[in-house]
Each structure stands twice: as structure tokens, then as C-alpha cells.
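Here's a quick briefing to read with the model open beside you. Have a look first, then work through the notes by topic.

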Amino acid sequence: MIKSIWHWIQRFSSPKHFYGMSAKLIPWFTVSALLVGLYGLYLGLFVAPTDYQQGESYRIIFIHVPAAWMSLFVYMVMAISSGIGIIWQIRLADMVAAASAPIGASFAFLALVTGSLWGKPMWGAYWVWDARLTSELILLFLYFGYMALQSAIEDQRSADKASGLLAIVGVVNITIIHYSVEWWNTLHQGATVAKFDKPSMHIDMLIPLLLMALAFKLFYAAVVLVRTRNEALYRDRNRRWVRELINEL
Amino acid sequence: MLKAYYYLLMRDLRLAFRNRHELANPLIFFVLVVTLFPLAVTPTTEALRAMAPGVIWVSALLAVLLSLDRLFKEDFDDGSLDQLMLSPNPLVILVLAKVTAHWFLTGLPLVIIAPLLGMFMALPDEAGAVLIYSLLLGTPVLSLIGAIGVSLTVAVNRGGVLLSLIVLPLYIPILIFGANAVDVAMDGLPVRGQLLFLAAVLVLALSLAPLATAVALRITASR
Amino acid sequence: MLEIQSLECVRDDRLLFSELSFSLGEAEVLQIEGPNGSGKTSLLRILCGLRLPEAGRVLWQGESIRSNREDFYASMVYIGHLPCIKADLTVLENVRALLDTRSLTVTGEATEAALAKVGLASYEDVPGKALSSGQRRRILLAFVELAGARLWVLDEPLTALDVQGVALMESMILEHRAAGGSVVFTTHHGMQLDCEMRSVRLGRIARSAGQGENQC
């Protein structure tokens with residue numbers, strides 16, 4: 001039983017099989033990301049009520065918050081798939097991790113940019129050492145470290161395993177970093193800085209926010225599939241299945 | 001097993017003492033960097049006190065970072081690292097021995113010289129004592145986490161900047177709590193919480209970092 | 001004793017070998033042959049578990065070396081291209097340091113005898129930096145002699161050795177074999193071993209990964 005599951009996993013996770021299957025999935029993810037995203041933006045920008053404190057500028061949360069969530073989510077995906085790659089030697093998992101890093105870093109970057117744009121009307125400065133922005137910045141550094149290590153090691157397999165291990169170490173650290181930055185922040189700035197989140201959120205704001213979060217996830221799914229396909233093609237460029245693919249063209 | 005730990009620790013210490021002139025380098029670096037701040041900012045007592053915890057902790061962190069290379073670089077270059085990995089003893093124990101040696105050679109000297117720097121930076125006595133405790137608890141963690149970083153980058157040519165890039169973010173919690181403990185002590189407030197946090201992180205790092213380092217070394221050897 | 005099952009090794013996108021299988025029993029000597037870049041060093045590193053093969057496995061006494069590392073490493077010794085010698089330790093300390101990682105307690109007389117055998121009799125207290133590269137390799141020979149391992153994995157053991165050194169290595173291998181031990185080695189220098197010897201030939205496979213066939 002276990003053996004047959006294992007066999008199935010190995011077949012399923014072969015780059016060749018993945019390449020064929022992902023081609024069918026990508027359009028679905030792309031279209032649904034677009035539809036959900038447009039609807040979420042519509043609700044967020046036109047339907048959700050104006051905030052009584054922050055006016056219209058709060059509407060950037062419909063991009064900022066999902067981006068921040070995704071930056072963390074993608075890091076988790078990276079760490080988990082790296083773990084799978086290291087423990088069970090599944091190449092596809094390594095490819096997913098490597099393909100995810102730049103996407104996650106982009107999300108972190110987006111969260112930082114939107115956060116500081118939001119900060120200008122809120123705090124009168126583009127950058128304030130707010131706990132969340134600081135954590136986000138450190139997360140971006142962790143992504144940079146991962147990508148730098150990945151590209152510095154020439155042997156592909158060691159590069160995957162080494163950067164994968166770093167991602168796992170990073171996950172253990174993210175919790176500690178997050179906690180200490182929170183703590184550091186309350187200590188140094190106290191209540192002078194308005195927090196991003198409200199104790200309770202109007203349902204008309206919450207729905208578009210969740211829709212945007214879903215749209216971001218679908219978008220990530222589509223992009224990571226495209227990037228993993230490229231990764232698979234590039235890494236297996238000398239293997240038979242890619243050669244055959246090229247010959248068919 | 002304990003014997004293997006002890007012998008490897010002794011070998012590393014002996015090697016370091018054969019090169020005594022290199023032994024002091026991280027220490028001098030530490031003092032030098034701290035000295036730059038009064039020169040660059042201002043030497044008034046209030047200003048010095050305000051920046052002292054951060055400056056001393058950041059300098060300690062950089063001093064450890066620069067010395068991390070010697071953890072595995074030489075062993076990697078001359079092939080001894082392969083022999084360590086082919087030892088019938090658990091690699092984790094050997095890693096722990098190397099890290100202990102590293103801490104004895106860099107972390108501990110920093111702790112010992114810290115009171116002098118406290119004096120440079122006009123730290124009050126109570127804060128000076130807390131500085132020592134915080135360094136005592138924090139510097140082993142710097143060595144332990146650093147070991148993971150070096151073992152991942154030791155095979156990379158010109159891996160120095162890369163090493164800082166991956167290790168520094170991981171050092172942040174230690175920096176925050178270490179510097180804050182000293183800061184709080186200056187205001188005469190209790191520092192138990194901060195020190196306990198550092199101790200907790202030390203226990204966590206002590207139990208997990210050698211494992212991660214051992215895995216990282218095997219990955220590095222598998223090029 | 002040692003069993004290799006359908007190993008595959010890819011390096012820098014080049015398939016070095018695949019479906020490579022052989023086994024090594026007691027008192028056997030096996031030479032890995034092949035031109036530069038054919039994967040001899042990689043194969044030896046796979047044999048001792050330093051490198052992971054792309055496919056296949058290595059068994060020691062019927063068990064995967066990854067699951068019984070402790071047993072396997074207690075009964076094998078490996079020397080590679082690098083000398084493993086610390087410039088700041090004396091010859092004696094260097095040998096001791098190498099033995100210590102294996103947790104071996106070797107008496108002073110045995111160590112001295114081994115050093116004498118490899119021609120470093122009066123060099124005990126000379127620091128590694130004062131030695132020639134041939135002498136450094138000789139320290140490794142003393143280590144191999146003292147390690148008390150049943151399996152020797154030697155990667156280019158004749159590097160930097162002079163004529164006497166080569167003869168010494170040859171006689172050590174013969175003695176080891178006579179005592180029931182086994183040896184896997186690579187060399188580009190002619191090794192004249194006066195005993196039955198098997199060889200595995202790794203060919204240079206010009207074809208790239210995924211297309212190769214067994215070449216041994």
C-alpha cells in the first residue's frame with residue numbers, strides 16, 4: 001500500500017509529468033485570479049465604505065495586506081517544499097522552492113512599497129520603524145539570502161539543498177524575529193503609532209480583503225507553475241523528455 | 001563520544017594558540033569599531049550612554065561574523081572536514097566541539113573585554129554587569145547560528161559577503177534583546193525578562209543549530 | 001562486504017556513469033580506472049557516503065551506508081586528494097588528530113612504529129609546514145596504517161610520493177590484503193601489485209544525462 005503510494009508520488013512528481021499537467025492548470029488559475037482580483041478591487045475601491053479616520057487612503061490595504069500575507073505564505077511553501085526535497089529527494093519540490101523565492105521576494109517588496117506609501121498620509125513619513133514593516137523588511141532580507149545562496153553554488157543539487165536548509169532555518173527564526181520585533185517596537189514607540197489593523201473590521205471591507213487575498217493566492221499558483229515549468233525545462237534540458245519536446249516543435 | 005568532543009576541541013584550541021597573533025584580531029576589531037562611534041558622533045556622556053548598548057552589541061556581532069570563517073574554512077581547504085564527516089562519532093558532537101572552540105576563541109574574549117568598552121562608553125556599573133551577562137548568553141548563539149551559515153557557504157568562492165547576508169538577519173533577535181537588556185539596566189529597571197529570553201534562545205540554538213550545521217556540512221561535502 | 005547497486009552520477013550536467021554495480025569482498029583489491037573527468041573521485045566519494053548518488057545505493061554488510069554510518073565509518077578509512085595536514089601541528093600531532101576523530105587510542109609505540117614505517121622516524125616534532133608534499137602524504141599513510149580499518153578507500157594515494165613511497169604504498173596494500181582487508185583505489189601512476197586485482201573501468205561518456213548506458 002505504502003509502496004504503491006510512494007510509487008504514485010514519484011510518478012506524479014516527475015518533471016515530465018508535471019510539465020504536461022501544469023499546462024492544463026495554468027489557464028484556470030490565471031483566469032480565476034483575474035476574475036476574483038477584478039471583483040475584489042471593484043468591491044474594495046468602489047463599494048467598501050470610506051474609513052472615518054483614514055479617509056480613502058486606507059484602501060491600499062486591499063493590496064498591502066494580501067501582499068504581506070503572501071510574502072509569509074510563500075516563504076512557508078518554500079521551506080516545506082525544500083524539506084520535502086531534502087528528505088525524500090523529490091526534484092520537483094526543489095524546483096518549486098527555487099521558483100517561489102523571487103515571487104515571495106516580490107510580494108515582500110510590494111508589501112513594503114505599499115506600506116510606506118500608506119505611511120506617508122498616515123504618519124507623514126514614507127518610512128517609520130513600525131513592527132510590521134520592520135519584520136517585512138527582514139523577511140525580504142531572508143529572501144535575498146536564499147536567492148544569493150541558491151545562485152552562488154554551482155552544483156544545482158547542492159544549491160537546492162543548501163538554500164533549502166537555509167529556508168527551514170529561516171522559518172524557525174521568523175517566529176522569533178517576529179516576536180522580538182513586536183516587542184522591540186512596543187518598547188520604543190508604544191501607542192504613538194497607529195496600528196495597521198483595527199480591532200474589528202467592517203464586513204464590507206473584510207469581504208474585498210479576503211477576495212484579494214484569494215486572488216493573490218491564485219495568481220501565485222499560476223506564476224509558480226509557470227516558473228517551475230521553466231525551471232524543469234532548464235534543469236532537464238539534456239534529458240530525453242525535454243529533447244523529445246524540442247524535436248516535436 | 002565525549003572523548004571525540006574533547007580531542008577536537010583541544011586540537012582547535014591548540015591550533016589557535018600556535019597562531020597567537022591571529023587570536024587577538026577579532027578582539028582588536030571589536031574595540032576599534034566601538035572607538036569609532038564617539039569619534040563619529042559625539043563624546044558627551046549622555047550621547048555615549050544612549051548609544052552604548054547598541055554600539056557595543058553591533059560591534060560584537062560584527063566581530064563574531066568576521067571570525068566565523070575560521071570555524072570550517074581551514075578544515076575544508078585541507079580536507080580535514082571530510083575526515084570529520086567520516087568519523088564513526090556523530091557529526092553533531094564534532095560540530096559542537098568546533099563551535100565550542102570558536103566561542104572560546106572569539107565570544108569569550110569579547111565578554112572579557114566588554115567592561116573596558118563599558119567604561120569607554122560611560123556605562124554605569126549595573127549596566128556594565130548586565131552587558132557582560134547578555135554577551136555571555138548571546139555570543140554562544142552567534143557562534144551556533146554562524147556555524148550553519150559558514151557550513152553552507154564554505155565551499156563558495158568569495159563567500160564572505162554572502163555569509164553576512166544569510167547570517168545577519170538571523171542575528172536580529174539576539175541583537176534586540178541583548179542591547180535592550182543593557183538599555184533597560186541603565187534605567188534601573190529589571191532585566192530578568194530579557195536575560196531569560198536570551199537564555200531560552202541559547203537553549204534552542206544549542207539543541208537545533210548543531211543538527212542543522214551537520215546537515216549543512218553533509219550538503220556541502222556532497223558537491 | 002561492500003556492495004554497489006546501480007549507481008548513477010551526474011556532474012555539471014554530464015552523466016559520468018549509470019547503472020554501475022559491483023561488489024567487493026574480503027581480501028579483495030579493486031582499481032577504479034578511467035581517464036580524467038570520468039568520475040573516479042566522485043565514485044569514491046559516493047562509496048564513502050560523502051556524496052549522494054543521483055540513483056542507486058551503497059551497501060555495507062547488506063545495509064545501506066546511510067542507515068548504519070557508525071558501523072561503516074568505524075571499519076573504513078578514506079584518503080582523498082587533499083592532505084588533511086595542519087601546518088601548525090607537528091607530525092605526531094597531525095597523526096593523533098586524524099586518529100582522534102575516529103576515537104582510536106593508539107599507543108605511542110605503535111604510532112612511532114607506523115611513522116618509522118612510512119619514513120618519518122625522526123620527524124615526530126617537525127611542524128607540518130616544514131614538510132614536503134611527499135612527506136605530508138606519508139603522514140596519511142601512517143594514518144591509514146594505524147586506523148585499523150578493514151576497507152581502505154584511496155583516491156590517488158601515490159600523488160607526490162617518490163619511488164620508495166610508491167613501493168611502500170604497494171607493500172602496505174599487499175599486507176592489508178593478506179590480513180583480510182580490502183582496498184578500492186584509483187591511480188594514474190602504474191601500481192605494481194603482486195596480487196590478484198580486479199578493476200572497474202569508467203569510460204568517458206560524451207553523451208549527456210539521461211541518454212547514457214552502462215559503461216563499465
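Start with the bend in chain B: H7(B) has a kink of about 40 degrees at B:Ala114, shortly before the proline B:Pro115. The bend at a residue is the angle between axes fitted to the seven residues ending there and the seven starting there. Helices (H or I, at least four residues) and strands (E, at least two) are DSSP runs, numbered from the N terminus.

Keep in mind that this is a predicted model, where local features need pLDDT of at least 70, side-chain atom pairs count only at pLDDT 80 or more, and totals for chains, interfaces and linings use all residues. Residues are numbered from 1 along each chain as its sequence is written, while chains are lettered from A and ligands numbered from 1 in the order in which they are written.

**Helix H7 of chain B and what follows**

- H7(B) runs over residues 91-120, which makes 30 residues.
- From first C-alpha to last, H7(B) reaches 42 Å, close to the 44 Å expected at 1.5 Å a residue; the expected span is 1.5 Å times one less than the number of residues.
- Just after H7(B) comes B:Ala122, sitting in the loop between H7 and H8 of chain B.
- Phi of B:Ala122 is near 60 degrees, a positive value in a residue other than glycine.
- B:Ala122 counts as partly exposed because it has 16 C-beta neighbours inside 10 Å. The cut-offs: a residue is buried if 20 or more other C-beta atoms lie within 10 Å of its own, exposed if 12 or fewer, and partly exposed in between, with C-beta atoms placed from the backbone.

**Where chain C meets chain B**

- Here 22 residues of chain C are in contact with 21 residues of chain B; contact means that the C-beta atoms of two residues, placed from the backbone, lie within 7 Å.
- On the chain C side, helix H2 (69-74) and helix H3 (91-101) each supply at least two residues.
- H3(C) gives the largest share of that side, four residues.
- By class, the chain C side has 13 nonpolar, three polar and six charged residues. Nonpolar covers Ala, Val, Leu, Ile, Met, Phe, Trp, Tyr, Cys and Pro, charged covers Asp, Glu, Lys and Arg, and the others, Gly among them, are polar.

**A helix pair across that interface**

- Two packed helices are described by the angle between their axes and the distance between the axes.
- For H1(B), residues 2-18, and H3(C), the axes come within 9 Å and cross at roughly 145 degrees. Those axes are lines fitted to C-alpha atoms, for helices over the stretch in contact, and angles run from 0 to 180 degrees between N-to-C directions.
- H1(B) brings B:Ala4, B:Tyr7, B:Leu8 and B:Arg11 to the contact, and H3(C) brings C:Ala97, C:Asp100 and C:Thr101.
- That contact has four nonpolar, one polar and two charged residues.

**Where chain B meets chain A**

- At this interface, 22 residues of chain B are in contact with 23 residues of chain A.
- Helices H8 (125-153), H9 (160-186) and H10 (192-221) of chain B are the elements giving two or more residues to the chain B side.
- H9(B) has the largest share of that side, with ten residues.
- The chain B side splits into 18 nonpolar, three polar and one charged residue.

**Chain A**

- Chain A has eight helices and zero strands.
- Its C-alpha trace spans about 60 × 40 × 35 Å along the principal axes.
- Of its 249 residues, 39% count as buried.
- Among contacts in chain A between residues at least 6 apart in sequence, 79% join residues at least 24 apart.
- H3(A), residues 61-88, has 28 residues that should span 40 Å at 1.5 Å a residue, and its end C-alpha atoms are 39 Å apart, which agrees.
- A:Gln89 follows H3(A) and has a positive phi, near 55 degrees.
- A:Met122 lies in helix H4 (residues 91-123) of chain A, and it is partly exposed, with 19 other C-beta atoms within 10 Å.
- A:Met122 and A:Tyr58 are 64 residues apart along the chain, yet their C-alpha atoms are separated by 9.0 Å.

**A loop in chain C**

- C:Ala27 is found in the loop between strand S2 (14-24) and strand S3 (29-33) of chain C.
- Although C:Ala27 is not a glycine, it has a positive phi of about 55 degrees.
- C:Ala27 is partly exposed, with 17 other C-beta atoms within 10 Å.
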